[in-house]
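Work through the exercises below with the sequence and the model at hand. Each task is followed by its solution.

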Amino acid sequence: MSQGDLVAVLESMRPSRADTSLIGADARQCARALGVDGVAVSVTADHGLGEVVWCSDATSARLEEVQFGLGQGPGLEASAHCAPVLVPDLAAEPPARWPALLPEAAELGIGAVFSFPLPVGAACLGTLTLHRSRPGPLADTARIDAWLVVGALSAVLLEGGPQRDAFAAAREGSNFYGAEIHQASGMVSVQAGVSLAQALLLLRAHAFRHGRPLTQVAEDVIARRLSFRDDENGPDTAAGEGTDGR
């Protein structure tokens, strides 16, 4: 673990004006500083949907995608309760806790996950999630350092600016990870006559039932290969829907 890496991460957390990302620091450097294999930050937009905005590697990104897609996992629990969820040995967790997530995490080679909330008073902006391939608790020094990173992340995200505004609006064509999921949720909300939160649940259920990544289902909705018009037969796969999402 390198204190020099941690100082560099904290000093570079604020993105430059030319940077289109929400967070300016190097996520890989952050993982090294905390002594873990990967880190990721997910933030909740103003409309309640989640977004991965910072990650160090493909495994970290996939872990966030799986948690978001399945609607379960330590990151979601940390966000919901605004409290850390530290899991030193995923293999030792009761299967009933995260029945869909645990096999996916094992397939990714993840042995331990540590999720920290990004708190603002009693509210939660999102989560910082760390993972390691080997099981075992997070060292005390690493846990303290993780809280320092949490504080810096929260301060940067609260500052706002054009990057935060674009993210909060979930603008079509933005370069954020989950833009297609936001857009698809809006379309499903119109098609099924439900709230955005309920629309996301419909997308998740369809993805889980058919064993597909949530992003692929969202892409099908956007391309109008899949519609969630409210009928007793469930989603319609007929193409050629109208431009308003119906």
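**Exercise 1.** List what Val39 is in contact with, leaving aside its neighbours within four places in sequence.

Solution. Contact means heavy atoms within 4.5 Å. By that criterion Val39 meets Ala27, Cys30, Ala31, Trp54, Cys55, Ser56, Asp57, Ser60, Leu128, Thr129 and Leu130. The model is predicted: local features need pLDDT of at least 70, side-chain atom pairs count only at pLDDT 80 or more, and totals for chains, interfaces and linings use all residues. Residues are numbered from 1 along each chain as its sequence is written, and side-chain values use heavy atoms, without hydrogens and water.

**Exercise 2.** Which residues of the largest nonpolar core touch the most other members?

Solution. A nonpolar core is a set of buried Ala, Val, Leu, Ile, Met, Phe, Trp, Tyr and Cys residues joined through side-chain atoms within 4.5 Å; buried means under 20% relative accessible area, exposed over 50%, partly exposed in between (1.4 Å probe, protein chains only). The largest core has 33 residues, and Met13, Val39, Val41, Trp54, Leu128, Leu130 and Leu153 touch the most other members. Elements that each supply at least two of its residues include strand 1 (38–44) and strand 5 (123–132); helices (H or I, at least four residues) and strands (E, at least two) are DSSP runs, numbered from the N terminus. Helix 6 gives the largest share, eight residues.

**Exercise 3.** Are Cys30 and Cys55 buried or partly exposed?

Solution. Cys30 is buried because its relative accessible area is 0%. Cys55, at 33%, is partly exposed.
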